[in-house]
Amino acid sequence: MKNLKAVRVSEHVYWVGAVDYNCRSFHGYSTPRGVTYNAYLIDGDEPILIDTVKAAFTQEMLARIADVVDPARIRHIISNHAEYDHSGAVAEVARLSGAKVYASAAGIKALTAMYGALDYVPLVSGQAVTLGGYSLTPYATPMVHWPDNIVTLGKIDGKTMLFSNDAFGQHFASSLHFDTQVDLHDVLTEAKKYYANIVMPYAAQAAKAVAAAKSLSADIIAPSHGIIWTKHIHDIFALYEKMTAAEKVDKAVVVYDSMWGHTADAALTVGAQFEAKGCATLYFDLKENDLSDIVTELLDAQYLAVGCPTFYGTILPTVAAFLAYLKALKPAGLQYMLFGSYGWGGGAIKELDAALSAMGYTHIEDMPDSAEVY
């Protein structure tokens with residue numbers, strides 16, 4: 001690959017990752033803006049690589065590294081997270097250069113299972129390591145969103161830099177790499193979707209990570225996906241604080257599928273009740289909408305209405321898939337009501353009620369469920 005350039009973050013730090021403009025599905029959710037895999041090179045007598053890229057993009061990363069130094073000169077690789085989109089090129093770079101690979105104990109266990117024996121060095125949370133003249137400090141952020149996760153803090157070129165792993169990331173592919181260069185609203189929207197579909201089940205751990213990150217007073221936050229934060233660090237912190245606290249707005253989300261149109265008609269009737277209460281009301285036909293977009297809206301919604309006809313005595317497969325996704329991601333504090341239709345036999349409403357109740361959600365007191373017989 002020719003003419004691929006590294007992007008300077010500071011005098012000695014470069015973005016050397018990869019951009020996948022065509023990725024439309026990641027972790028089971030839609031990514032209409034594409035994906036970046038961010039890796040960072042710290043240049044010096046002993047070059048350091050912080051994270052790598054998905055394996056398919058290894059040559060793209062190596063070409064960008066070569067714009068600054070010969071990749072064979074890399075002496076240290078810090079792996080903040082062992083998941084394949086972060087570690088896909090670790091083994092190739094390590095074998096090419098002989099670099100040591102630094103990770104948490106859980107990270108080394110995962111990397112060994114994936115890539116076999118490399119020259120691993122365990123990192124201890126809060127204990128700085130000096131590599132090539134730079135002092136870098138790992139901090140454990142377990143379950144944000146894997147057990148092995150760490151973030152790495154360094155004082156480089158007179159700036160405090162936090163390489164934040166998945167925290168504060170977004171799936172946002174662009175040839176521009178800084179928050180000052182792109183539309184902030186678009187980036188924050190993608191950060192919200194990223195949190196809802198990746199981090200939300202671990203809100204308590206994420207809240208601790210945000211508090212810790214704020215205390216580190218970073219000048220630059222460089223996540224593993226998306227845009228690098230420089231000027232708008234306070235904006236991404238504010239968004240994360242709202243999301244981890246599960247702050248709600250006056251919003252209802254109406255989710256449904258329909259076989260013959262009766263449940264779809266009922267969705268409008270149900271939604272009108274929320275609208276009459278002054279709620280912003282959103283409607284999602286499961287045949288037409290991605291689950292990841294629905295869950296993103298549920299992050300700050302107060303109310304959920306689920307509609308489904310009875311399908312052979314049970315619920316439609318699309319609705320079952322929605323319930324599975326909802327159960328996995330666990331948006332907090334929802335109140336729900338149910339609606340549906342059936343011809344010769346019911347059952348869907350009862351099954352939906354049992355499922356949502358088991359998730360810990362509460363029924364809306366003044367909105368009874370409804371089932372239309374046609």
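**Close-up views of a predicted model**

**View 1. N165 and its backbone angle.** N165 sits in strand β15, which covers residues 159–165. The phi angle of N165 is near 60°, a positive value in a residue that is not glycine.

**View 2. A cis peptide bond in a loop.** Find the loop between β13 (134–140) and β14 (150–156), and you will find H145. The peptide bond that runs from V144 to H145 is cis, and its omega is near 10°.

**View 3. Helices α5 and α7 side by side.** Two packed helices are described by the angle between their axes and by the distance between those axes. Here, helix α5 (residues 184–199) and helix α7 (residues 233–244) pack at an angle of about 35°, and their axes are 11 Å apart. The crossing of α5 past α7 is right-handed. On the α5 side, the residues in contact are L184, L188, A191, K192 and Y195, and they meet D235, I236, L239, Y240, M243 and T244 of α7. Sorted by class, this contact holds eight nonpolar residues, one polar residue and two charged residues.

**View 4. The largest pocket.** Rolling a probe the size of a water molecule over the atoms shows where empty space is left. The largest pocket holds about 230 Å³ of space. Its lining is made by K192, D235, A238, L239, K242, M243, E247, K248, V249, L299 and D300. Which helix gives the most to this lining? That is α7, with five residues. What classes of residue make up the lining? There are five nonpolar and six charged residues, and no polar ones.

View 5. Side chains of opposite charge can pair when their charged atoms come close. R64 forms a salt bridge with E60, and their closest N and O atoms are 2.6 Å apart. Both residues belong to helix α1 (residues 58–66), where R64 and E60 are four residues apart, about one turn of the helix. Across the whole structure, a search finds 13 salt bridges.

Terms used:
Residues are numbered from 1 along each chain as its sequence is written. This is a predicted model: local features need pLDDT of at least 70, side-chain atom pairs count only at pLDDT 80 or more; totals for chains, interfaces and linings use all residues. Side-chain values use heavy atoms; hydrogens and water are left out. Axes are lines fitted to C-alpha atoms, for helices over the stretch in contact, and angles run from 0 to 180 degrees between N-to-C directions. Helices (H or I, at least four residues) and strands (E, at least two) are DSSP runs, numbered from the N terminus. A crossing is left-handed if the near helix is turned anticlockwise from the far one by less than a right angle, and right-handed if clockwise. Contact means heavy atoms within 4.5 Å. Ala, Val, Leu, Ile, Met, Phe, Trp, Tyr, Cys and Pro count as nonpolar, Asp, Glu, Lys and Arg as charged, and the others, Gly among them, as polar. On a 1 Å grid over the protein atoms alone, a cavity is a set of points where a 1.4 Å probe fits but cannot get out, and a pocket is an open set with protein on both sides within 12 Å along at least five of seven lines; lining residues have an atom within 4 Å of a point. Grid points are joined across faces, edges and corners, and a volume is the space filled by probe spheres set on the points. A salt bridge is a side-chain nitrogen of Lys or Arg within 4 Å of a carboxyl oxygen of Asp or Glu.
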